[in-house]
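Visitor: I would like to learn how to read a model like this one. Please take me through its features one at a time.

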Amino acid sequence: SSIPKIVILGAGYGGVLTSLRLQKELNYNEADVTLVNKHDYHYITTHLHMPAAGTDNPENARVNISKLIDEFKIDFVKSTVVQIRPQDRKVILEDGTLSYDYLIIGLGGEPETFGIPGLGEHAMNIRSINSVRLIREHIEYQFARFKREPHRTDYLTFIVGGAGFTGIEFIGELADRIPELCKQFDVDTSLVKIINIEAAPTALPGFDPELVEYAMDVLQKKGVTFRIGTAIKECTPDGVVVGEGEEIKSQTVIWTGGVRGNRLIEEAGFETMRGRVKVDEFLRAPGHENVYILGDNSLVFNPEGRPYPPTAQMAMQQGVNCAHNLVASIRNQPLKTYTYVSKGTVASLGKGEAIGVAFGKKYKGRFAAWLKKAIDLRYLFIIGGIPLVLRKGKFL
Ligand code: FAD
Ligand code: NAD
């Protein structure tokens, strides 16, 4: 038929917002829209530090895609993308092939290991429902093992590599969880160590120094040890090697040292930097007028020429802009330029504590924690309205 085919890869922040906008803006039979995702649920990545530490149920961090999209307007395909073939305008799935006129790539990032030996094999990552279930179970298992081999105090050392926002939010939760686990397994809390290792001269490099100091203070009081200005050089089955060859023994290494783009994009032949595509002002891959790239796979530069950090906030805005441009393309109308508008950054430090910058002001403590909750609820509202807020929202 002559109806344009739109294929959206990935139901993350970018893919979901694009789908929601398209189903609202497109007229009947104006386009065929297909959304492809590995799982039949969308996961709320910004929530994953909690189920990873075991302070919340993973169910609260995922939503069935059928509850979000209107399946009369968008075809949902649960499958894994294995190859993107822009030259043929086709996407190869593990169990089929899709052809497209317009392609939207929102497959999310992958952990960046910078080629550090052993990290890929021995460290865990906070990136999906399945990966955080593994971390949670693994941590509990270390307590159970310790009870059988009480000389192995390394079972109770938990290493978090990287003090970016992911690492900081996770250790905040982990520090809250440890006293519970100690009680449950009758373990002396003084035997447990949480070590956050950061290569840069400060935690949260680039963030407001006063808030960074506040965060470190809160976390240290909860028992976290920071090793700042210390790079992880290797990860082994027995722990990590840092700095000039010092070994830290641990059975649990969580790597939060950074994100890169999805390897499928490089493999498709797009020009990338750390796996990401420097998109044009309309969010398209250079040289491919019909391919849009969103979220952790896109690189957007600020007016000073530095790339913005990839965030859910940006992926959502890009989804809205992308949907607008798809509709405009189909209707032969002019495309809209994408400009990132920062609403601020708020990061949790565990129960009742957070730091943030929003509306040009700094926040810390209870109010910041409340702000973080409000942002989470707002997201649930945007994608699923009041019913989703009531089902998945946490109000306290
Ligand atoms: P994602 O949300 O990662 O979604 C990608 C989707 O593609 C997933 O559904 C995945 O299953 C699917 N997929 C992947 N590969 C395939 C395949 N081969 N085939 C089919 N489907 C596939 N950002 C903020 O702005 N604020 C925050 O508070 C915040 N907190 C965070 C907390 C944590 C613990 C983490 C890890 C990140 C946080 N971020 C935050 C960053 C934010 O989560 C990411 O920038 C955002 O998720 C990127 O969205 P995306 O649409 O690019 O991809
Ligand atoms: P990141 O790249 O922001 O931080 C990684 C950290 O690891 C850096 O501080 C880096 O110096 C450190 N590191 C790198 N190599 C190292 C090594 N060998 N040894 C020790 N430390 C090393 O990654 P992230 O924290 O996963 O964040 C990814 C994106 O998601 C960012 O854009 C971030 O802003 C966003 N995010 C936002 C929030 C929030 O707003 N609340 C929460 C989580 C993530």
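This is a predicted model: local features need pLDDT of at least 70, side-chain atom pairs count only at pLDDT 80 or more; totals for chains, interfaces and linings use all residues.

Visitor: Into which domains is the chain divided?

Guide: Domain bounds come from an automatic or database domain assignment. Here domain 1 covers 5-109 + 261-343, and domain 2 covers 119-255. Their C-alpha centres lie 32 Å apart. Domain 1 puts 12 residues into the contact and domain 2 puts in 15 residues; two residues are in contact if their C-beta atoms, placed from the backbone, lie within 7 Å. On the domain 1 side, helix 2 (residues 49-53) gives the most, with five residues. Helices (H or I, at least four residues) and strands (E, at least two) are DSSP runs, numbered from the N terminus. By class, that side has eight nonpolar, three polar and one charged residues. Ala, Val, Leu, Ile, Met, Phe, Trp, Tyr, Cys and Pro count as nonpolar, Asp, Glu, Lys and Arg as charged, and the others, Gly among them, as polar.

Visitor: Which residues touch the most other members of the largest nonpolar core?

Guide: In soluble globular proteins, nonpolar side chains tend to be buried together. A nonpolar core is a set of buried Ala, Val, Leu, Ile, Met, Phe, Trp, Tyr and Cys residues joined through C-beta atoms within 7 Å. Buried means 20 or more other C-beta atoms within 10 Å of a residue's own; exposed means 12 or fewer, partly exposed in between, with C-beta atoms placed from the backbone. The largest core holds 56 residues, and Ile171 and Ala215 touch the most other members. Helix 5 (residues 165-185) supplies the largest share, eight residues. Apart from it is another core, of 50 residues, including Val63 and Ile293.

Visitor: What does Ile171 touch?

Guide: Leaving out residues up to four places away in sequence, Ile171 touches Val160, Ile194, Asn196, Leu219 and Val224.

Visitor: Which residues are closest to ligand 2?

Guide: A residue is near a molecule if its C-beta atom, placed from the backbone, lies within 6 Å of it. Ligand 2 is surrounded by 27 residues, the closest being Gly162, Gly164, Phe165, Thr166 and Pro309. Helix 5 provides the largest share of this shell, four residues. The shell has 15 nonpolar, 10 polar and two charged residues. Both domains contribute to the shell, so ligand 2 lies between them.

Visitor: How many residues lie around ligand 1?

Guide: There are 31, and Gly10, Gly12, Gly108, Gly295 and Thr311 come nearest. By class, 11 are nonpolar, 17 polar and three charged. Helix 1 (13-25), strand 2 (32-37), helix 5 and helix 8 (312-330) each supply at least two residues.

Visitor: What span should helix 8 have?

Guide: The expected span is 1.5 Å times one less than the number of residues. Helix 8 has 19 residues and should span 27 Å; its end C-alpha atoms are 27 Å apart, which agrees. Asparagine 332 follows helix 8, with a positive phi near 55°.

Visitor: Is threonine 272 buried or exposed?

Guide: Threonine 272 has 21 C-beta neighbours inside 10 Å, so it counts as buried. Threonine 272 sits in the loop between helix 7 (263-267) and strand 19 (277-278).

Definitions and conventions:
Residues are numbered from 1 along each chain as its sequence is written. Chains are lettered from A and ligands numbered from 1 in the order in which they are written.
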